[in-house]
Amino acid sequence: MNLVAETAAWLTNPAQWAGQAGIPNRLLEHVLISSISLAVALLLALPAGLAIGHTGRGAGLAAGVANLGRSLPSLAVIALAIPVTVRIDPVLGGTVLPTLVAMVVLAVPPILVNAYTGVAEVDRDLVEAGRGMGMREREILSGIELPVALPVVLGGVRSAAVQIVATATLGAIFGSGGLGRFLVDGIAQNDDGQVFGGVLLVAMLAIATEAAVEILQRLARSGAAGRGSGSTAAIAPGPPVLGA
Amino acid sequence: MIDWGWLAGHVDAIAYRTGQHLYLAAIAVGVGFAISLVLALVAARRRVLYPPISALAGILYTIPSLALFAALISITGFSVVTAEVPLVMYTLVILVRNIVAGLDGVPAEVLEAADGMGHTRRQRLWRVELPLAVPLIVAGLRLATVSTIGLVTITGTISDAFGGLGYFILDGYHRGGFPTEMYAGALPSILLALGADFLFVRAQRRITPWAQTRALEATAS
């Protein structure tokens with residue numbers, strides 16, 4: 001039986017569409033793992049990036065953190081996290097927690113860097129105009145800098161989200177759920193249909209994620225255009241570090 | 001918590017895996033750079049080809065490495081090709097975009113001056129455009145190398161024969177979570193990635209001493 005037929009057979013088998021090991025549940029697990037880690041990364045990186053971009057202080061530190069973060073191989077981060085997370089929670093710490101840690105580490109650099117650069121590159125005249133109108137610093141950030149910088153900020157979120165969706169599959173090696181299970185179990189059981197079915201599902205989820213954030217970005221861009229958006233920063237083109 | 005006896009008994013194995021890690025990464029970046037240069041030059045000549053090349057690279061980027069390795073096993077088996085093809089493919093995404101961006105960044109006046117001096121298109125490319133694109137090309141090589149060093153750890157999922165230092169991470173985990181062995185894979189692989197990053201930063205400073213290395217680089221939006 002060839003690959004296409006095997007994959008089609010696996011995908012259309014009703015057994016694959018029910019139960020804990022079924023596609024809907026694995027997809028849900030994958031979406032949950034990805035959204036939780038993206039949310040944590042946003043909470044950590046977004047306020048810090050915006051503040052650094054606004055004040056110009058701490059840029060060196062942020063660059064160091066981002067650079068360190070994107071150099072760390074995700075597999076190594078998971079390996080380092082396991083002995084620690086197991087102590088925190090014997091069950092979750094040996095399965096899903098280390099993956100969450102690694103995904104947060106993966107997502108912080110692009111969010112931090114784009115938030116910082118986006119805000120820092122907002123036309124200074126706009127900011128001065130805001131000050132001249134008596135706006136407070138917080139109002140300048142939320143009312144001028146953030147709206148203008150939004151497309152760039154969302155570019156970082158997009159990069160982070162796609163990388164998380166793709167890389168979260170690694171967690172399955174270490175007993176986590178999600179779509180990676182089909183890849184890891186498929187290899188272990190020498191089941192090509194399952195492997196390729198899993199590959200298709202993950203790729204589709206990643207592409208859907210990218211498309212979703214891109215729509216947000218378009219909306220932000222059309223909003224920012226009316227306010228005279230600054231240049232969009234693109235020094236290192238493309239998403240920097242992939243599922244490493 | 002650390003089993004020093006295990007470490008002492010596995011010095012050779014760690015050295016072997018470190019070497020394997022480096023050559024798997026070096027082959028991927030080398031081959032990837034050669035292919036990227038050709039693709040980028042073609043794209044620079046025939047602009048219509050760049051959007052499809054870039055889009056294809058972008059889609060490729062969304063496919064998880066684990067998935068690519070898994071998918072290739074059934075085609076190329078447990079061979080080094082299975083390990084290298086995805087590694088090379090991921091470097092293309094980064095390198096093609098950076099080389100094209102580097103070529104695009106050459107100011108129009110410079111190109112006109114080169115034309116005015118009587119350069120042919122080929123001379124202009126090799127003597128003017130490529131040298132001026134070097135900083136962005138090196139920036140791309142830096143990203144590609146660091147991410148490839150990370151990805152090599154995942155080649156261990158293909159078979160025990162690969163993985164570089166990632167082998168210890170996976171083997172240690174499969175022994176019921178043996179922290180010493182997992183750390184013996186994780187920490188040196190992190191050091192390799194950071195070391196490569198450091199070397200490229202130094203290279204960047206040497207190549208463009210006038211430009212303060214840009215601290216922060218935003219991803220394309």
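Biologist: How much area do chain B and chain A bury between them?

Modeller: About 5000 Å², with 74% of it on carbon and sulfur atoms. Buried area is the accessible area (1.4 Å probe) that two parts lose on being put together, summed over both. Keep in mind that this is a predicted model, where local features need pLDDT of at least 70, side-chain atom pairs count only at pLDDT 80 or more, and totals for chains, interfaces and linings use all residues. As for bookkeeping, residues are numbered from 1 along each chain as its sequence is written, chains are lettered from A and ligands numbered from 1 in the order in which they are written, and side-chain values use heavy atoms, leaving out hydrogens and water.

Biologist: How many residues of each chain does the contact take?

Modeller: Chain B gives 50 and chain A gives 62; contact means heavy atoms within 4.5 Å.

Biologist: How many salt bridges does the rule find across the interface?

Modeller: Zero between chain B and chain A. The rule wants a side-chain nitrogen of Lys or Arg within 4 Å of a carboxyl oxygen of Asp or Glu.

Biologist: What are the chains built from?

Modeller: Chain A has nine helices and zero strands, and chain B also has nine helices and zero strands. Helices (H or I, at least four residues) and strands (E, at least two) are DSSP runs, numbered from the N terminus.

Biologist: Why are α2(B) and α9(B) called oblique to each other?

Modeller: Their axes, from residues 11-45 and 179-207, come within 11 Å and cross at roughly 40°. Axes are lines fitted to C-alpha atoms, for helices over the stretch in contact, and angles run from 0 to 180 degrees between N-to-C directions. Under 35 degrees is roughly parallel, over 145 roughly antiparallel, 65 to 115 roughly perpendicular, and the rest oblique. The pair is therefore oblique.

Biologist: What makes that crossing of α2(B) and α9(B) right-handed?

Modeller: In a right-handed crossing, the near helix is turned clockwise from the far one by less than a right angle; anticlockwise is left-handed. The crossing of α4(A) and α9(B) is left-handed, with axes within 9 Å at roughly 140°.

Biologist: Which residues of α4(A) make that contact with α9(B)?

Modeller: A:A76, A:A79, A:L80, A:I82 and A:P83, facing α9(B) residues that include B:M182, B:Y183 and B:S189. The contact divides into eleven nonpolar, one polar and no charged. Ala, Val, Leu, Ile, Met, Phe, Trp, Tyr, Cys and Pro count as nonpolar, Asp, Glu, Lys and Arg as charged, and the others, Gly among them, as polar.
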